[in-house]
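Please look over the fold shown here and follow it part by part. A short report comes after it.

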Amino acid sequence: MSVSKVFHALIGDKSIVLQNTEFCQDHVIFWGRLRNHAKKCPCCGCSDVVIKETKERTFRTLNIGEKRAYLKIDVHKTLCNRCGKQSWMQLPFSCGKLPMTNSFIRHVIQLAAIATVLAVAAFLMLQWKTVKNIDKANLAKRAKQFSFKKLRYISIDEIAIKKRHKYMTIFTDITTGMIIHAVEGRSEECLRPFLKLLAKKAKRLRGIGIDMSAAYASSIKIHLPNVDIIFDRFHVTKLLNDTIDKIRRNEYAKCKKAGIEVLKGQRFLLLRNFVDLDDGQKSSLKKLLEINHPLAIAHSMKEQLRSFWSCKSKAEGAQFLFCWVMEALESGVQLLAKAARSLLRRCEGLLSYFDHGIDNGKAEGINNKIKVLKRQAYGYRDQEYFKLKLYHLHKKQIQLIG
Ligand SMILES: [Zn+2]
């Protein structure tokens with residue numbers, strides 16, 4: 001294969017003639033010349049132009065192996081004999097003022113979809129801001145392609161941004177796992193514009209899965225009074241896990257006072273589903289629960305509550321929930337009783353699960369991806385960019401942490 005063929009493959013365009021090539025230690029330089037037919041007036045497309053000014057420009061293009069590659073080319077300011085306008089000619093292999101070929105920009109975008117901005121920048125030896133801006137511009141162009149008409153179930157969730165002080169509310173289509181909207185804050189005022197939009201456009205929306213906090217529920221009741229609120233499994237499990245964690249911490253403090261160290265590092269055993277533990281973990285957990293009564297009760301109640309989701313009907317679910325709540329209230333474990341009262345107050349939203357039977361698996365998957373995305377937070381101080389990344393999160397197949 002000739003160098004010229006390689007050159008055209010790298011540039012992704014045949015309007016340049018390769019004139020010279022220089023191989024250096026860590027980079028390659030191609031000198032090129034625009035073919036005459038490519039010299040056109042950018043305003044009217046006429047080829048009858050006079051060159052008024054010339055300057056050399058350098059464009060980064062696709063690497064050759066480990067060597068960076070550059071294209072050096074003369075660009076011209078032309079005077080058009082037809083329309084009379086003077087302007088710098090447009091180059092078919094690049095766009096705007098970026099000193100890169102389109103083929104290289106596409107490469108940056110492909111890498112930014114699977115790796116962090118910092119990793120891509122380091123790999124291609126670019127500034128991280130350059131990578132971010134390219135990725136951001138591309139995401140902005142393709143952002144949010146979903147149909148309001150197809151929405152049937154969504155979930156509304158909050159994520160902490162900027163270390164606990166600020167929150168962002170995320171709307172996810174439960175069926176596709178796609179984040180359809182993100183907005184700073186979690187108050188009714190912050191949610192209002194999008195909830196109104198949903199009320200107007202999402203005519204088939206039947207249910208919204210939310211967490212146990214009152215804020216979202218009241219906002220939804222105002223703007224979408226006919227849509228069911230569903231407290232989904234994920235959020236109920238989270239409430240119970242938080243409760244167990246609080247009990248564990250209380251008990252740990254008690255033991256520490258008495259000079260016994262038994263509970264450290266057991267958090268994971270308590271919060272995980274019992275069936276998912278291996279034999280060693282199961283026996284450690286049993287030992288822990290044998291010596292700690294309140295934890296043993298809370299753990300057993302947590303495990304029992306999982307059966308709620310397997311109830312066959314709404315009536316069966318209601319009966320199960322009622323029995324569970326009574327048992328928790330009588331357990332003598334105050335934090336557990338508190339959680340039970342909280343569930344009882346929201347029993348309508350809990351039982352509406354049986355009317356809709358939504359599976360929140362995809363939304364949960366997205367939650368995990370958000371966590372990963374937040375860990376790679378370089379550049380996400382730019383909140384618009386962070387949101388754009390969120391809207392494309394459901395597409396992401398590979399995730400490289402760097
Ligand atoms: Zn012209």
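Cys41 is buried, because its relative accessible area is 3% and the cut-off for buried is under 20%. This is a predicted model, so every value here is computed from predicted atoms.

For four tetrahedral donors, the ideal angle is 109.5 degrees.

Is Cys44 buried or partly exposed? Cys44 is partly exposed, because its relative accessible area is 28%.

Now the strands. The table lists two pairings.

| Pair | Sense | Bridges |
|---|---|---|
| E1 (residues 16–23) and E2 (residues 27–34) | antiparallel | seven bridges |
| E2 and E4 (residues 67–80) | parallel | six bridges |

A hairpin of three residues joins E1 to E2. Single bridges can be found by residue. Asn20 has Trp31 in E2 as its bridge partner. Gly32 has Ile73 in E4 as its bridge partner. In a regular strand, side chains alternate between the two faces of the sheet.

Next come two helices. H3 covers residues 117–124, and H4 covers residues 128–142. Their axes come within 8 Å. They cross at roughly 120°, and H3 and H4 are therefore oblique to each other. The crossing of H3 and H4 is right-handed.

Which residue in the loop between H3 and H4 deserves a look? Met125 is found there. Phi of Met125 is near 55°, a positive value in a residue other than glycine. Most residues other than glycine have a negative phi. Met125 counts as exposed, because its relative accessibility is 56% and the cut-off for exposed is over 50%.

How values were computed
Residues numbered from 1 in each chain as written. Predicted model: local features only at pLDDT ≥ 70, side-chain atom pairs only at ≥ 80, totals over all residues. Heavy atoms only, no water. Buried < 20%, exposed > 50% of the residue type's maximum accessible area, 1.4 Å probe, protein only. Pairing = 2+ DSSP bridges. Helix = DSSP H or I, 4+ residues; strand = E, 2+ residues; numbered from the N terminus. Axes fitted to C-alpha atoms, helices over the stretch in contact; angles between N-to-C directions. Parallel < 35°, antiparallel > 145°, perpendicular 65-115°, else oblique. Left-handed = near helix turned anticlockwise from the far one by under 90°.
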